[in-house]
Amino acid sequence: MPSILHVDMDAFYASVEQRDDPRLRGKPVIVGGSPQGRGVVAAASYEARAFGVRSAMPASQAARLCPHAIWREPDFDRYTADSRRILAILRSTTPLVEPLSLDEAFLDLRGTERLLGPPEGVGRALKARILAETGLVASVGVAPNKLLAKLASDLDKPDGFLVVREGEERAFLAPLPVERISGVGKKLGERLESLGLRRIGDLAERSREELERILGSAGGWLHDLAFGKDDRPVLAHREEKSHGTERTFERDVADASVLRRVLLEDAEEIAADLRGRGLLARTVAIKVRYPDFRTVTRSRTLDVPTALAARIHAVAGELVAALAPRRVRLLGLYAENLLDATGARQLALFGEEGDPDARRLAAERGMDEVRRRHGPGAVRPAALLEPAAVRAPLRPPRAGTTSRSPSSTPARGGRRSPP
Ligand SMILES: [Mg+2]
């Protein structure tokens, strides 16, 4: 019986905006920066996606594709509040819930059938409850493992519900284009296509040895995947240890300023999330994957734990800069060794008079509060992130502080621990 569920909210940030502002319903809504800015799209409503707008697309490109779209600055505090409500619903069913990001999670329902009924029914009930209690639509995939469950929820979007049964793995995967595989970007996709490997089924027809010979280490990984093999467990307690985000770029990125901008956006999201959960990170880690799939991770443990975007960004920037400059296909940023932001540690953080971190934390917290009271866009987060901007009284919106438009389109991946 397929017992792994993947629950993924549809166009999450944009859907929250549409729920909270009836004027946005049925309209193309883009969350992220401004159309004139140099940021990227954080989320697009399905009405905007109909024009080809995708998340992680440069704002300028999205504005060209859908000139009449309504833009909203991201309000991660509000999204985090909804994320918590959704997680609470999932956890009321089983403690075996692994959140991947603010808007998606895996559930392991193995062995719960006698208590809860078939996992398929549990999935349908969760979908209905999330809609009833949050007004937001989730897509759900039910499958024998994580790989298939995630593909299943993704394939049937929006408002999806798809079950993959044992024995159906290969048939389910075979017709899918290889680009559906998370980790297969444009470049590897083109390479595969030139080898006549267009669909996942084409990969299953080659031997493992052959794929390894022509594709190196990626070959073995792709071969397992083509057979739907995935034995990764659902890790229920991971979020307490590590919290982060990964992006696979559609085209490899060599431009350090693009990497820096991506890190800035990720740091801001992670920090707002940490503050929303009352957590501090003791360690900042990055993961970089190169076009040949070689992957390196670097981390630094801080003297003072932090929930500050500016601090996380600064450390991550140094860690990435210390790597030899090369083309990058995946960039991940994580906050690790998370601590409860109460008690002695917090006192220590506030204890040092004139500590720039303490001042910044107070400032970022104040920003959270202003946003809560006056709505998104009331403050400009990036003004606190760039040291120069702290002194400048007036700055363009958040997206305007980024250095340039991306030369490559980052696609957001799930939250993961570094390997
Ligand atoms: Mg989603």
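Modeller: Two strands count as paired when DSSP finds at least two bridges between them. Keep that in mind for this predicted model.

Biologist: In which sense do strands β10 and β11 pair?

Modeller: β10 covers residues 279-289 and β11 covers residues 295-306. Eight bridges link the two strands, and the cut-off is at least two. Within this pair, T283 has T301 of β11 as its bridge partner. The sense of the pairing is antiparallel.

Biologist: Which residue takes a positive phi in the hairpin of β10 and β11?

Modeller: Five residues lie between the two strands of this hairpin. A positive phi near 75° is found there at F293.

Biologist: How much of the protein chain is buried?

Modeller: The chain holds 19 helices and 13 strands. Among contacts with a separation of 6 or more, 66% join residues 24 or more positions apart. Of the 419 residues, the share that counts as buried is 45%.

Biologist: Which strands stand at the edges of the sheet of five strands?

Modeller: The sheet is open, its pairing is mixed, and its order is β5-β6-β1-β7-β8. Each edge strand has a single partner, so one of its sides has no neighbour in the sheet. From one strand to the next, the twist averages 15°. The edge strands are β5 (97-101) and β8 (161-163).

Biologist: Which residue of β7 is the bridge partner of V7?

Modeller: β1 (residues 4-9) and β7 (residues 138-143) run antiparallel. Six bridges join them. In β7, the partner of V7 is V140.

Biologist: What angle does the direction of helix α6 make with that of β7?

Modeller: α6 spans residues 119-134 and packs on the sheet. The helix touches β1, β7 and β8. Its direction and that of β7 make an angle of about 170°.

Biologist: Helix α4 lies across which strands?

Modeller: α4 spans residues 76-91. The helix runs at about 155° to β5, which is one of the strands it lies across.

Biologist: How many residues of helix α1 are buried?

Modeller: α1 runs over residues 12-20 and is mostly covered. F12, Y13, A14, S15, V16, E17 and Q18 are the buried ones. Their cover includes β1, β2, β3, β4 and α4. Of the nine residues in α1, the buried count is seven.

Biologist: In the open sheet of three strands, which strands stand at the edges?

Modeller: The order is β3-β2-β4, and the pairing is mixed. An edge strand here has a single partner, so one of its sides is left without a neighbour in the sheet. The edge strands are β3 and β4.

Biologist: What angle does the direction of α1 make with that of β2?

Modeller: β2 and β3 run antiparallel, joined by two bridges. In that pair, V31 stands opposite A43 of β3. α1 packs on this sheet and touches β2, β3 and β4. With the direction of β2, that of α1 makes an angle of about 120°.

Biologist: Is I200 buried or exposed?

Modeller: I200 lies in helix α10 (residues 200-205). The cut-off for a buried residue is 20 or more other C-beta atoms within 10 Å. I200 has 25 such atoms, so I200 is buried.

Biologist: How far apart in space are I200 and L225?

Modeller: Beyond its neighbours within four places in sequence, I200 is in contact with L173, A174, L176, V178 and A226. I200 and L225 are 25 residues apart in sequence. C-alpha to C-alpha, their separation in space is 8.4 Å.

Key. Residues numbered from 1 in each chain as written. Predicted model: local features only at pLDDT ≥ 70, side-chain atom pairs only at ≥ 80, totals over all residues. Helix = DSSP H or I, 4+ residues; strand = E, 2+ residues; numbered from the N terminus. Buried ≥ 20, exposed ≤ 12 C-beta atoms within 10 Å, placed from the backbone. Contact = placed C-beta atoms within 7 Å. Axes fitted to C-alpha atoms, helices over the stretch in contact; angles between N-to-C directions.
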